[in-house]
Amino acid sequence: LVGINAQLSQLRVGDNMPLTPSFKESTSTYTVSNVSPTTDKINVYAKTRDSDSKVKISGGEYQVGETTSEVELDYGTNHIVVDVTAANGINTMQYVVTVIRNISGNNNLANLIPSIGTLSPSFSAGTMSYTLNVDYMTKQLNLEAIVQHENAHISYMAGAGYSASQNRKSVTRTINLTNEVTTVTVTVTAANGAAKSYTVQIRRNQNYPSTLDNLKVTPYDLDE
């Protein structure tokens, strides 16, 4: 006789992540919660009760008896669909697993790099405030901010100037130094909306220039 059973005997997600409710052949909907933000792919294994039934996962190809598929995960809610067709080709059953991947709260910088000089203290993700001493003649410099998490946003505030938030791994801004002290604020906003600000106080050393642009003795130029 051709089999009529279109149920699963096993359904596993990831490394035996807990299903809610616990798996039961006749239960068709499940949830897997609190998946780490760093988990962007997950393996799903399904085995049919009747070894002659066919099963496929999230649009993949039908396989007889059992199948494993690697499914990519977005942040938030993901629906993984497992379709089972009995050996008779008529009876079917569909299982849906909702996998909830947590949204990252990582709002740390990986590095903060000035084009001139060295930060004091040396950069550390947990240190929020820095000082940067530059030569008196320095009129501008670049400051590069690199985030730890690729989905975090970076924005700059330097004096009265504001740079709109950008979703990039690295953002570089040119800072104009019109005052003796310029404070730059770099704000990192995580994917879940949590924000953290780093500040760099750029100080132009108050030494007079060691060279002259020009020197004249009236009424003669020195080079005459």
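Two strands pair if DSSP finds at least two bridges between them. I keep that rule at hand for the sheet below. The model I am reading is predicted.

**Entry 1: the sheet**

I looked up which strands sit together. I found 3 strands forming an open sheet, in the order S1-S3-S6, with antiparallel pairing. I then checked the edges. They are S1 and strand S6 (66-72), and each pairs on one side only. I also looked up the angle. On average, neighbouring strands of this sheet are turned by 15° against each other, direction ignored.

**Entry 2: S3 with S6**

How many bridges join S3 and S6? I counted 7 bridges between strand S3 (residues 41-48) and S6, in the antiparallel sense.

**Entry 3: Ser9**

I went to strand S1 (residues 8-13) and stopped at Ser9. What does Ser9 touch, leaving aside its neighbours within four places in sequence? I listed Phe23, Glu25, Lys47, Thr48 and Arg49. Thr48 got a second look. Its backbone oxygen lies 3.4 Å from a polar atom of the Ser9 side chain. A polar contact needs N or O atoms within 3.5 Å, so I checked the distance against that cut-off.

**Entry 4: Ile146**

Next I moved to strand S11 (residues 140-147), where I found Ile146. I did not count residues up to four places away in sequence. Ile146 then touches Leu109, Ala110, Asn111, Ile113, Lys169 and Ser170. I followed up on Ile113. Ile113 and Ile146 are 33 residues apart along the chain. Their C-alpha atoms are separated by 8.4 Å.

Notes: Residues numbered from 1 in each chain as written. Predicted model: local features only at pLDDT ≥ 70, side-chain atom pairs only at ≥ 80, totals over all residues. Heavy atoms only, no water. Helix = DSSP H or I, 4+ residues; strand = E, 2+ residues; numbered from the N terminus. Polar contact = N/O pair within 3.5 Å; in protein donor to acceptor, adjacent residues only side chain to side chain. Contact = heavy atoms within 4.5 Å. Axes fitted to C-alpha atoms, helices over the stretch in contact; angles between N-to-C directions.
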